Amino acid sequence: LSGLSSHPELQHLLFFTFCLIYTVTIIGNLLIFIVTVHPTLRMPMYFFLRVLSFLDISTASIVVPKMLVNFLSEDRSISYMGCATQLYCVICLGATECYILAAMAYDRYMAICNPLRYAIIMNSRVCHSLVLLSCCSGNVVSVVQTAWVFTLPFCGPKKINYFFCDIPPLIMLSCTDTSSYEKQIITGTVLVIFTPFCLILVSYACIISSILKISSAEGRHKTFSTCSSHLTVVTLYYASGSFTYLRPKSSNSQDTKKVLALIYTTVIPTLNPLIYSLRNKEVKAVLIKIIAELRKIETYSA
């Protein structure tokens, strides 16, 4: 794995930068996970947010630790099975997150457009079924894509110009015609990214239509604020994934693809807790309450 940069003088700086990012990712997502378990946040929206935090921790943990080791090590090798495992995990987690984001959009649609039936429709069984369906779909996509990539004959250099094992740099190492594989990758991208994204667009079209019917400006602002965080994450995640996989063997520089990959593997997992906590009054209120309770415990123990 060539990593992010070949300049030796940048390796220590990159190590400390991404070590900090990884630490923030783990702590932030663990806080979200802990806060949303609180009894006052038992709504489906926070259940999906816990699942999203778990996926973000897992994605970052699959990619970043190996990258950190490579920053300080001259031996940047990764085994054949290790590369296949990393590719499978990244695709599975990424595809699952795409479907979870669509489920979250459907949840917001039901909450805003059908508030009287929301609790009945979005019950615990439905929420768990949506998560299970997302995980199974992500697993199927990952198994198929990983199997396709690793049936290619690799007879070129054994150096992957990337910081983890991903589809675009791996097919660049193949010494055979990969046009059919690229079509399969594009088909997978459509199923994983564009199909959920279209569902999200339909959901938000209905949501915006309902918001515009609210008479007061304050009511419209409050309702839309509950969706703006989700829209921010969706835009970043789907855009970076689309540009990476729609043209896996394009003429775009590998540096551009590295930046896009950094967005959905390290940046977004770090931003998610900040976006959902700083822009959500209920989450902030519970977090403040938990901190106050911990301070009381410390006072009593002292």
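1. A word on classes to begin with: Ala, Val, Leu, Ile, Met, Phe, Trp, Tyr, Cys and Pro count as nonpolar, Asp, Glu, Lys and Arg as charged, and the others, Gly among them, as polar. With those classes, the lining of the largest cavity comes out as twelve nonpolar, five polar and no charged residues. Please keep in mind that this is a predicted model.

2. Here is the overall fold. The protein chain has ten helices and zero strands, so its pattern along the sequence reads α-α-α-α-α-α-α-α-α-α. Of the 302 residues in the protein chain, 47% are buried.

3. Two cavities of 30 Å³ or more are found in the structure. For the largest cavity, the volume is about 250 Å³. Its lining is made of 17 residues, and those nearest the centre are Ile91, Ala95, Val192, Ile193 and Tyr245. Four helices each contribute at least two residues to the lining of the largest cavity: helix 3 (80-113), helix 5 (124-149), helix 7 (179-212) and helix 8 (217-245).

4. The second largest cavity holds about 30 Å³ of space. Around the second largest cavity you will find Asn29, Ile32, Leu49, Leu52, Ser53, Asp56, Asn272, Pro273 and Tyr276. Helix 1, helix 2 (44-72) and helix 9 (254-278) are the elements that give two or more residues to this lining. Helix 2 gives the most, with four residues. By class, the lining of the second largest cavity splits into five nonpolar, three polar and one charged.

5. If you are looking at open sites too, the second largest pocket has about 340 Å³ of space. The second largest pocket is lined by 16 residues, with Ile78, Tyr80, Lys158, Ile160 and Leu173 lying nearest its centre. Eleven of the lining residues of the second largest pocket are nonpolar, three are polar and two are charged.

6. On the surface, Phe33, Val37 and Phe54 make up a nonpolar patch, and together they have about 280 Å² of accessible area. Phenylalanine 33 belongs to helix 1 (residues 11-35). Is phenylalanine 33 buried, partly exposed or exposed? Its relative accessibility is 37%, so phenylalanine 33 counts as partly exposed. The reasoning rests on the cut-offs: buried means under 20% relative accessible area and exposed means over 50%, with partly exposed in between.

7. Arginine 108 counts as buried because its relative accessible area is 10%. Aspartate 107 is also buried, at a relative accessible area of 0%.

8. Aspartate 177 sits in the loop between helix 6 (167-171) and helix 7. With a relative accessible area of 57%, aspartate 177 is exposed. How far apart are aspartate 177 and leucine 152 in space, C-alpha to C-alpha? The distance is 9.4 Å, while 25 residues separate aspartate 177 from leucine 152 in sequence.

Conventions: Residues numbered from 1 in each chain as written. Predicted model: local features only at pLDDT ≥ 70, side-chain atom pairs only at ≥ 80, totals over all residues. Heavy atoms only, no water. 1 Å grid on protein atoms, 1.4 Å probe; cavity = no way out; pocket = protein on both sides within 12 Å on 5 of 7 lines; lining within 4 Å. Points joined across faces, edges and corners; volume = space filled by probe spheres on them. Patch = residues over 30% accessible without salt bridge, like charges linked within 9 Å, V, L, I, M, F, W, Y side chains within 5 Å. Areas by Shrake-Rupley, 256 points an atom, 1.4 Å probe, with all protein chains shown as cover. Salt bridge = Lys/Arg side-chain N within 4 Å of Asp/Glu carboxyl O. Buried < 20%, exposed > 50% of the residue type's maximum accessible area, 1.4 Å probe, protein only.
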